[in-house]
Amino acid sequence: MQITAYAPCAQGPNTAPSLSPNPNAMQNIIATAKAAGSFSTLLAAVDAAGLTQTLAGPGPFTLFAPSDEAFAKLPAGTVEGLLADKAKLTAVLTYHVAHGEVRAEDVRAMASIPTLQGGNLNVDITDGVMIGSAKVMKADIACTNGIIHAIDSVLIPNA
């Protein structure tokens, strides 16, 4: 499977629909994820960890964003447990963020990606694009302060 590259959120007339509610205005990572409608669990966790302002800030950042379906695949009680432990929640969330804009074309040339958490996410392009244990479902969702890549699994750093 090949990853899908999304056009930037800022688009002119007669182009494909945008992830942004206003197709003529590119938004930050938080606003773009909110407009997509499939990252509500991630956004709630980011808010609970106190990272909303960071990911809405100047960046640039690359967010490997687990969808709501990705969070639903976790064992029962995992999300609640993370929400009850801010330090662990912050570690998990920052494990999904890299500093700078890491585009799909960049990922294909990398063996691993350093995260804000301090760990590294392994990259495997053997069968599609895998970031750690997660498959990239949609890539290069451009934002004013970075890039979002939608992934199908929540990445948990080694303790």
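This report walks through the sheet, the cores, a cavity and some backbone details of one predicted model.

## Ground rules

Because the model is predicted, local features need pLDDT of at least 70 and side-chain atom pairs count only at pLDDT 80 or more, while totals for chains, interfaces and linings use all residues. Residues are numbered from 1 along each chain as its sequence is written, and side-chain values use heavy atoms, with hydrogens and water left out.

## The sheet

Let's start with the strands (E, DSSP runs of at least two residues; helices are H or I runs of at least four, and both are numbered from the N terminus). Seven of them make an open sheet, ordered E2-E1-E7-E6-E5-E4-E3, with mixed pairing; two strands pair if DSSP finds at least two bridges between them. At the edges stand strand E2 (97-99) and strand E3 (112-114), each with a single partner strand, so one side of each has no neighbour in the sheet.

E1 and E7 pair in the parallel sense over six bridges, and proline 66 stands opposite isoleucine 151 in E7. Helix H1 lies across E1, E6 and E7, running at about 35° to E7. Contact here means heavy atoms within 4.5 Å, and the angle is taken between N-to-C directions, from 0 to 180 degrees, using axes fitted to C-alpha atoms, for helices over the stretch in contact.

## Two hairpins around E4

E3 and E4 run antiparallel, joined by three bridges, with isoleucine 113 opposite leucine 121. Their hairpin has five residues between the strands, and in it glycine 118 takes a positive phi near 110°. E4 also runs antiparallel to strand E5 (residues 130-131), over two bridges. In the hairpin of E4 and E5, again with five residues between the strands, glycine 128 has a positive phi near 80°.

## The cores

A nonpolar core is a set of buried Ala, Val, Leu, Ile, Met, Phe, Trp, Tyr and Cys residues joined through side-chain atoms within 4.5 Å. The largest one has 27 residues, and Leu42, Val46, Leu63, Leu93 and Ile148 touch the most other members. Helix H2 gives the largest share, four residues. Apart from this core lies another, of 16 residues, among them Val102, Val107, Leu121 and Ile151.

Leucine 42 touches Leu63, Ala65, Pro66, Asp68, Phe71 and Leu93, leaving aside residues up to four places away in sequence.

## Helix H6 and a cavity

In H6, Leu89, Val92, Leu93 and Thr94 are buried, and their cover includes H2, helix H5 (78-84) and E2. H6 also gives three residues to the lining of the largest cavity, the largest share. That lining consists of Ala45, Phe71, Leu82, Leu89, Val92, Leu93 and Val154, and about 30 Å³ of space lies inside.

A cavity is a set of points on a 1 Å grid over the protein atoms alone where a 1.4 Å probe fits but cannot get out, and lining residues have an atom within 4 Å of a point. Its volume is the space filled by probe spheres set on the points, which are joined across faces, edges and corners.

Most residues other than glycine have a negative phi, and most peptide bonds are trans. Aspartate 140, in strand E6 (residues 134-143), has a positive phi near 55°; this aspartate is buried, with a relative accessible area of 13%. A cis peptide bond joins glycine 59 and proline 60, with omega about 5°. Proline 60 lies in the loop between helix H3 (52-56) and strand E1 (61-66).

Note on methods. Buried means under 20% relative accessible area, exposed over 50%, partly exposed in between (1.4 Å probe, protein chains only). On a 1 Å grid over the protein atoms alone, a cavity is a set of points where a 1.4 Å probe fits but cannot get out, and a pocket is an open set with protein on both sides within 12 Å along at least five of seven lines; lining residues have an atom within 4 Å of a point.
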